[in-house]
Amino acid sequence: EELTLDGLRAAYKIDAAGRSSFDKMHLPKQEKLGPFDFTYSAAQIELRNIEFTYVDRPHKLSGTARNLSVTLRPHDWQPLAVIASADASSFVFDGRESKEISFKLDGKADERGAEVESLRFDSPFTAANLKGRLDDWRAPTYKLNAKAEIKLREVARTFLPDVRLSGAVSFEGTVEGHGVEYQAKGKLRGEELQARDVRIGGFSLTASGKGKGGEYNAQEEWAF
């Protein structure tokens with residue numbers, strides 16, 4: 001059996017007091033089936049042409065995923081297979097907007113969280129490939145292996161408007177955290193970096209740091 005929904009509009013919001021849309025949500029536990037019971041895991045669900053909006057007022061974050069498609073393929077008593085994609089999406093941080101954002105996801109999910117088998121993310125400030133684990137839908141925590149190409153001019157425009165940056169760097173490492181609070185560890189490499197009046201013509205560094213939204217504090221070991 002299949003269920004298809006087209007043109008759905010949905011939103012997840014966190015208000016100024018930190019209350020989220022999911023605070024009162026309850027996911028029922030699946031019981032072992034008896035000889036005459038039914039299970040909702042029998043149907044494949046496909047969502048097409050969805051628009052999903054995310055709003056986090058305490059951290060001045062919002063975004064809208066457009067042309068979102070999601071396919072859920074259940075297997076008895078196993079995590080759902082999840083395939084999702086979106087394009088023409090947008091992201092706003094502290095009033096500064098980035099457009100033309102897209103992603104494609106392959107993974108598995110259940111009531112406890114999700115296994116990210118492959119996530120491709122493209123935006124004006126980065127092109128990234130990630131895989132890893134997300135736990136607890138009500139208060140998500142995550143740990144991901146990441147490879148990314150980062151465009152510093154657009155990163156500065158969106159997250160650090162008072163900092164003058166240009167150039168591009170690549171990152172390979174891990175990103176883990178809770179909500180907008182995160183920690184990143186890995187290798188950064190770049191060919192041409194300019195920060196204010198300082199120009200660096202090729203570098204490699206091992207970096208670790210913590211961040212929250214657009215704030216980031218790092219420790220680095222440089223090699224030129």
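Which residues form a nonpolar patch on the surface, and how much accessible area do they have together?

**View 1. A nonpolar surface patch in a predicted model.** The structure shown here and in the views below is a predicted model. The patch consists of Leu 3, Leu 5 and Leu 8, which together have about 230 Å² of accessible area. Leu 5 belongs to strand 1, residues 2-6. The relative accessible area of Leu 5 is 37%, so this residue counts as partly exposed.

**View 2. The whole chain.** DSSP runs in the chain amount to 1 helix and 14 strands. Of the 224 residues in the chain, 29% are buried. The accessible surface of the chain is about 14400 Å². Carbon and sulfur atoms account for 53% of that surface. When contacts between residues at least 6 apart in sequence are considered, 43% of them join residues at least 24 apart.

**View 3. Strands 9, 10 and 11.** Strand 9 (residues 141-151) pairs with strand 10 (residues 165-178) in the antiparallel sense, over 11 bridges. Within this pairing, Leu 144 has Val 175 in strand 10 as its bridge partner. Strand 10 also pairs with strand 11 (residues 181-195), again in the antiparallel sense, and here there are 14 bridges. Thr 174 faces Lys 185 of strand 11. In a regular strand, side chains alternate between the two faces of the sheet.

**View 4. The two ends of the strand 10 and strand 11 pairing.** The hairpin of strand 10 and strand 11 has 2 residues between the strands. In this hairpin, Gly 179 takes a positive phi near 60 degrees. Ala 195 is found in strand 11. The C-alpha atoms of Ala 195 and Leu 165 are 4.6 Å apart, although the two residues are separated by 30 residues along the chain. Apart from neighbours within four places in sequence, Ala 195 is in contact with Arg 164 and Leu 165. Ala 195 is partly exposed, at 30% relative accessible area.

**View 5. Glu 154 in helix 1.** Helix 1 covers residues 152-159 and includes Glu 154. Is Glu 154 buried or exposed? Its relative accessible area is 19%, and Glu 154 therefore counts as buried, the cut-off being under 20%. Leaving out residues up to four places away in sequence, Glu 154 touches Ser 98, Pro 124 and Phe 125.

View 6. The chain has 5 aromatic pairs. In one of them, the ring centres of Phe 125 and Phe 159 lie 5.6 Å apart and the ring planes stand at 80 degrees, so the pair is edge-to-face. Phe 125 sits in the loop between strand 7 (113-122) and strand 8 (126-135), while Phe 159 is in helix 1, so the pair ties together parts that are 34 residues apart in sequence. Phe 125 is buried, with 10% relative accessibility. Phe 91, Phe 93, Phe 125 and Phe 159 form one aromatic cluster.

View 7. Asn 67 is not a glycine, yet its phi is positive, at about 50 degrees. This residue is in strand 4, residues 61-75. With 40% relative accessibility, Asn 67 is partly exposed. Glu 100 is also not a glycine and has a positive phi of about 55 degrees. Glu 100 is part of strand 6, residues 96-110. Its relative accessible area of 62% makes Glu 100 exposed.

**View 8. Salt bridges.** The chain has 9 salt bridges. One of them links Arg 48 and Glu 46, whose closest N and O atoms are 3.2 Å apart. Arg 48 is partly exposed at 38% relative accessibility, and Glu 46 is partly exposed at 22%. Another joins Asp 110 to Arg 112, with 3.0 Å between the closest N and O atoms. Here Asp 110 is buried at 19% relative accessibility, whereas Arg 112 is exposed at 56%. Arg 120 and Asp 122 also form a salt bridge, with their closest N and O atoms 3.0 Å apart.

Methods. Residues numbered from 1 in each chain as written. Predicted model: local features only at pLDDT ≥ 70, side-chain atom pairs only at ≥ 80, totals over all residues. Heavy atoms only, no water. Pairing = 2+ DSSP bridges. Helix = DSSP H or I, 4+ residues; strand = E, 2+ residues; numbered from the N terminus. Buried < 20%, exposed > 50% of the residue type's maximum accessible area, 1.4 Å probe, protein only. Contact = heavy atoms within 4.5 Å. Areas by Shrake-Rupley, 256 points an atom, 1.4 Å probe, with all protein chains shown as cover. Patch = residues over 30% accessible without salt bridge, like charges linked within 9 Å, V, L, I, M, F, W, Y side chains within 5 Å. Salt bridge = Lys/Arg side-chain N within 4 Å of Asp/Glu carboxyl O. Phe/Tyr/Trp six-rings, centres within 6.5 Å; stacked < 30°, edge-to-face > 60°.
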